[in-house]
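Have a look at it first, and then we'll go through some of its parts.

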Protein chains: 2
Amino acid sequence: MLARGQTPEAPPSARDQTRGGPLTASEVKLMNAYWRACNYLSVGMIYLQDNPLLRRPLKPEDAKHRLLGHWGASPALSFTWIHLNRLINKHDLDVIFVAGPGHGAPGVLGPAYLEGTYSEVYPEKSQDAEGMQLFFKQFSFPGHIGSHVTPETPGSIHEGGELGYSLSHAYGMAFDNPDLIVACVVGDGEAETGPLATAWHSNKFINPVHDGAVLPILNLNGYKIANPTILARISHEELESLFKGYGYKPYFVEGSDPEQMHQKMAETLERAVEEIRALQRQARQTNTPTRPRWPMIVLRSPKGWTGPKELEGHKLEGSWRSHQVPFGDVRQNPAHLKALEDWMRSYRPEELFDESGRLIPELRALSPKGARRMSANPHANGGLLRKDLKLPDFRDYAVQVDTRGATLHENTRPLGEFLRDVMKYNPTSFRVFGPDETASNRLQAIYEVSKKTWMADLRPEDGDGGELARDGRVMEMLSEHTLLGWLEGYLLTGRHGFFHTYEAFAHVIDSMFNQHAKWLDISKNHVKWRAPVASETILLSSTVWRQDHNGFSHQDPGFIDLVTNKSPSVTRIYLPPDANTLLVVADQCLRSTDCVNVIVADKQKHLQFTTMNEAIAHCAKGIGIWKRASTDADAEPDVILACCGDVATQEALAAAAILRERAPDLKLRFINVVDIFKLQSSTEHPHGSTERELDGLFTPDKPIIFNFHGYASLIHKLAYRFKGQDNLHVHGYKEKGNINTPFELAILNETSRFHLVIDVIERVPKLRTRAGHLKEEMRNALISNLAYAHEHGRDRPEIADWVWRD
Amino acid sequence: MLARGQTPEAPPSARDQTRGGPLTASEVKLMNAYWRACNYLSVGMIYLQDNPLLRRPLKPEDAKHRLLGHWGASPALSFTWIHLNRLINKHDLDVIFVAGPGHGAPGVLGPAYLEGTYSEVYPEKSQDAEGMQLFFKQFSFPGHIGSHVTPETPGSIHEGGELGYSLSHAYGMAFDNPDLIVACVVGDGEAETGPLATAWHSNKFINPVHDGAVLPILNLNGYKIANPTILARISHEELESLFKGYGYKPYFVEGSDPEQMHQKMAETLERAVEEIRALQRQARQTNTPTRPRWPMIVLRSPKGWTGPKELEGHKLEGSWRSHQVPFGDVRQNPAHLKALEDWMRSYRPEELFDESGRLIPELRALSPKGARRMSANPHANGGLLRKDLKLPDFRDYAVQVDTRGATLHENTRPLGEFLRDVMKYNPTSFRVFGPDETASNRLQAIYEVSKKTWMADLRPEDGDGGELARDGRVMEMLSEHTLLGWLEGYLLTGRHGFFHTYEAFAHVIDSMFNQHAKWLDISKNHVKWRAPVASETILLSSTVWRQDHNGFSHQDPGFIDLVTNKSPSVTRIYLPPDANTLLVVADQCLRSTDCVNVIVADKQKHLQFTTMNEAIAHCAKGIGIWKRASTDADAEPDVILACCGDVATQEALAAAAILRERAPDLKLRFINVVDIFKLQSSTEHPHGSTERELDGLFTPDKPIIFNFHGYASLIHKLAYRFKGQDNLHVHGYKEKGNINTPFELAILNETSRFHLVIDVIERVPKLRTRAGHLKEEMRNALISNLAYAHEHGRDRPEIADWVWRD
């Protein structure tokens, strides 16, 4: 194999940090042999279902029917892995590995198998010929494991099927893990995505005293699926400038000759690790953290490194043609079969594996032992390290509610005080993440305990309300992608956190939510050895109904629609109607594991409807009748008025108040929903209700007027198995808005109290005939309130008063 | 006002490009006066509802009740605008302006008003005191205009409510507009987002021969809502390196003293424009385009520049406190009222506006005239410039279908041939955009006419299938954000395009879709002077049902769910079942305006079901009975078997074939849906059906088994007003998947032919009792097919054959 690849991809130049290098000839030989074993396994995974050790000539039927997987990125991943192993052994380092080129799973699975971890968690994939055969066959094979670094992969907490999040995940892992080094291989394809392009700036948020370090290794293998990559096709000067501009000290390891590359990588990686440790030592000794220029490495190596140089006149190694399966017709075309056999034999498996098929002892000796193996590092199975949060009693943060429906509070402000103390009691395992909006979302009490992390320059004026600190643990940056990536990395390594964002712009991270939910679903339900991690809790605030000046672009309550598409096993959604219910829900979310919890609660001043005791009782059920607002006296109602969401609840209560006064003989049942999955059947969601429960609440045949925070269709979607579905009339947001006062927006979308009253009148036979005057009055009220807002630029002050109260 | 701001934010240094500067004292005076007028208007818009010219002392009731808007970014926007005006006049330039800090609308609205455009499109906002009063009051006032650069703003095609897309929009505008300069002000908050961070690389896709230029102006005003920005708090060296690394030649204009800043900006902007023109001239003369280092400008100026220095001990100018409304209590607090009056009078409005309230002639003379005004540039109302595409006859690309259900074709391949010729006939007004997946999505025929744009380095091996070219018009980069931003900019300036991406990762651009749909909704329905632009057509390929090796992370058909949340006026969704229907639909989409068209069609080999004539007839209806697969002989059916989507249709047809053979007396009606909005009521969507139409198709009372491409709930959502809804049983994707063969995946999600047959048996009374053996057989078929896939790694070859055919 050494005969191949003698022409370096980039010629050695004055920039090379090494000529000879730190490794002895025997070390090079051993490390290269280990790498040959890795590459052999990579090719075997992609191509073979039998004859794993090539102990007999390769036959067509040894190959899989469908050849799937990605060879291109794999060799550089295992190359990096092996060099990290050397340093882990030498310095007893605690290192975890993030594979950005997630399609290069063979490059990670190989080392995990060779160092024994794979067989420990999947005993049938034993370290012998039989195990290797199963290990090969399962790869990208129906019903088995994927070609990404999926949750089934020991040592992985980053799948990378969708590209863009490796680096933010890596930084999230490093926060509050002072002894950890996160080695993050970034693919040059992935590097073109927006989320990755801004994640480089995460180095402005790493504190060398109490955080660990991230060592980014940009692998320039030059190609994506079918195109060169941008970063591989700009000048060296531009590339170096770019990373200096991002605040790093870039090192370059470039070439293709394995022997030279081993020396270069060994020297450069060691220098980088030494710099990291020196920077940390210095900061920790003086306890005056500044922002270091952390090292990063550019590893420029051929795509499909060590693979066949060419076939049938097409360049393979060093070309996009090596991205996936370099050639595919091995079952039909003898020339292809021979090329495969030559390729695999070029790694000389007979020198690498013993009679039984196990890696020979000299090579086994190269890998770290026990938990020092990157494939077995407990940080990569963070649930093992997770400790429950020390939570203050959320009751202590309750707002006082003497007269229900009379006091105004910003619903999220007490939550901020609660989170402040969560942070106080868990100073190294809890962080809050939000895009520049912690104060905007009224959570600023947190700053009393921890400021915002800021390792970039400070100025004197920051002292006046800037709330910045080197040792802060509130994370703010104007990138939802980076923040959520950090949080996911933080959670998956066993810690806890809280994310908040503007409701409409949660869609920025739709795809990240999808991927995390899928990760959790598989981890929780299909990977037994993964211990539960803390749930990801997302508060959506600055909601659609209070976008007085931001207008139409900031109005979108549809993130929760997306959430309901994912596995019920890992999805939870709460819409607490007021401050106390929000506290109860938040406490519950922070105690939960292996879920994504979404809480929708606005930050503006809202009427308060529940005492803390009522809030606890109500949230325990998740859905319930509010007797205080009902007039059915526990008997059969004429109509059900239901609601979900803070503003929706206010309007429904106002409608109930109007009806109580103006239609006193109406038997109205008032229902509030906090846990939206209560509307689903218990056969579909663990929080769902039985048919009997739903019938008991909503009746099977009475009209239900439902006022909802979001798009009306979501309620129909959840309730569609419910018998009373035909009687269900949902009001919700319907993309009618602009610069509007809150009440004007409710009117435009027909979620106002007046609309609800009109709808009740129209649906209840006994009102329909005799409440014409009330209907007329409601219509006039709509018109006059719109006119008032239009003239005065605000709602009538008395609108807030005209709500049901004790 | 000149007395303020004498302390520069950053001290002048050796880096300053100018000392004296190119402007005469009188030019500085005039330009600064114009800027004073802009700033005066900005403050007026935010604060006042009356007394616009301060012709009497300011009273509390002159101020609005609710003070909303963003002062902080506005002064630098109008400052830049005025300096661009000077160069437009001097060199007769064609320039459009993109305001990245979208919240700084006052900084754009002011110039648009002063140069007369605003009054031309909104005559009541006339250029006099009365008009100015209305102009002030409407801003951020309920029912009027927003505080972003919304569609109502002449000269704007970028709202910026959600941040991150200014630069990709700007590049999209510049493609194929060789004489245009797009001046794009990027906010330093926005610059932290992922989409913006990677959009800088767009310079690798601009061809100086046939494209225009983008001049990015990064405005470092230092603060976001409540935090400093990262780019304002790194060293000058890092900042300069970063932009050199991105491939630009950065110029710096830094300071706060207006007089000095006018000189610096005038000199720097002129130098940048001259460089742009020289680079273009050189490339065009030699016609050998290389990638120039295009200039960009860093404008470092104080947040809230020229605003009050401080109030009540807090720094205002140059602080985050200036981000929105610097102080708010003007109706209650006389000190605040006085501060406001002093601030506004510091601009000396009496020197700027004449008796009637119009800008004085000396200042009016400074603005460009007619279409040269950036607020009136026709490119910013692209519908005016749009010409219909010259379309080849899509029938010419039809696949031959002799026996329906027997031939296999990659559905998207003929579309690629059609798009190839669209590109041929429209060489400067049509582009195709996709993330590295044009060939993967089988559209590679396009390369016969136009290669992929690539201005970064080329290598000899690119000749072997690289398909790269300097003058290509196929746009590929691994950033869905950048690509869609380019397309939006391209469409909004009057051109045409086509976007394609992997279905699951369309969620990456969920939020961009939302924003574009909202822009179109307002433009189409509320802004009369905007001419219709070409629709945005998005093909989702590599769909959920064919993720054989990518697995779970690549399975998400929910993008279309999101689409149905937006205004029916601008949303269209098509799921053509085969290649010919895809051609018909694509032709229709490319002819349409002011919509987002989403087409879902897989790229793999699929059975073909319609001849071209049938495809045309079927797509014209959007939904229809396939008599060939029905056995109800136009009479009342026992059951309806409906389907939507390519794989879903195949399985439904196979089920129909099984039933025809095994339950010959069953009267089955087979319905296929192409245009999914046909399932909605015509009262809700322009493509919707009447109640009678739906009843006629589906019957009001017969069981309907519906096999759907996406999440089942979407069908219920659309059809929920339909009487037969209770009889509707939808099969769709339910997050059950991993590495699976196509048929295995259908089985896991219960969308397979066998599941459909079982469901029909269970829902049709006459079968329920006597088709037990068939049901049993179907169950066995499920098990044996799963086992086959599990053992062989592929589906039984005969599965593809067992489909209904002629």
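## Strands in chain A

In chain A, strand β19 (residues 639–644) and strand β20 (residues 668–673) run parallel and are joined over five bridges. Before going on, a word on what you're looking at: this is a predicted model, where local features need pLDDT of at least 70 and side-chain atom pairs count only at pLDDT 80 or more, while totals for chains, interfaces and linings use all residues. Residues are numbered from 1 along each chain as its sequence is written, chains are lettered from A and ligands numbered from 1 in the order in which they are written, and side-chain values use heavy atoms, with hydrogens and water left out.

Helices (H or I, at least four residues) and strands (E, at least two) are DSSP runs, numbered from the N terminus. Two strands pair if DSSP finds at least two bridges between them.

Back to the pairing: I640(A) has R669(A) as its bridge partner in β20(A). To get from β19(A) to β20(A), the chain passes through helix α19 (residues 646–662) of chain A, and this β-α-β crossover is right-handed. That word means that, with the strands pointing away from the viewer, the path from the first strand over the helix to the second runs clockwise.

β19(A) also pairs in the parallel sense with strand β21 (residues 704–708) of chain A, again over five bridges. There, I640(A) sits opposite I704(A).

Is β19(A) enclosed or open? Six of its six residues are buried, so β19(A) is largely enclosed by the rest of the structure. Buried means under 20% relative accessible area, with exposed over 50% and partly exposed in between (1.4 Å probe, protein chains only). In a regular strand, side chains alternate between the two faces of the sheet. Here V639(A), L641(A) and C643(A) take one side and I640(A), A642(A) and C644(A) the other, and all are buried.

## A covered strand in chain B

Now hop over to chain B, where strand β3 (residues 213–220) has eight of its eight residues buried. A213(B), L215(B), I217(B) and N219(B) point one way, while V214(B), P216(B), L218(B) and L220(B) point the other.

β3(B) has parallel pairings with β2(B) and with β5(B):

| Partner of β3(B) | Bridges | Residues standing opposite |
|---|---|---|
| β2(B), residues 180–187 | seven bridges | A183(B) and L215(B) |
| β5(B), residues 295–300 | four bridges | L220(B) and R300(B) |

Together with helix α7 (residues 194–199) of chain B, β2(B) and β3(B) make a right-handed β-α-β unit.

## Some single residues

D176(A) is not a glycine, yet it has a positive phi of about 60°. You'll find D176(A) in the loop between α6 (166–174) and β2 (180–187) of chain A, and it counts as buried at 9% relative accessibility. In chain B, D176(B) has a positive phi of about 60° too, without being a glycine. D176(B) lies in the loop between α6 (166–174) and β2 of chain B and is buried, with a relative accessible area of 8%.

L114(B) belongs to helix α3 (residues 106–114) of chain B and is buried at 3% relative accessibility. Contact means heavy atoms within 4.5 Å. Setting aside neighbours within four places in sequence, L114(B) is in contact with residues including Y34(B), C38(B), F353(B) and L359(B).

P302(B) is in the loop between β5 and β6 (310–311) of chain B, and is buried with a relative accessible area of 3%.

## The wider picture

The largest nonpolar core has 384 residues, and Y47(A), I676(A), F698(A), Y47(B), I676(B) and F698(B) have the most contacts inside it. Such a core is a set of buried Ala, Val, Leu, Ile, Met, Phe, Trp, Tyr and Cys residues joined through side-chain atoms within 4.5 Å.

How much area do chain A and chain B bury between them? It's about 9900 Å², 51% of it on carbon and sulfur atoms. Buried area is the accessible area (1.4 Å probe) that two parts lose on being put together, summed over both. The contact takes 129 residues from chain A and 129 residues from chain B. On the chain A side, R233(A), L478(A) and H549(A) lose the most area to chain B, together 8% of what that side buries.
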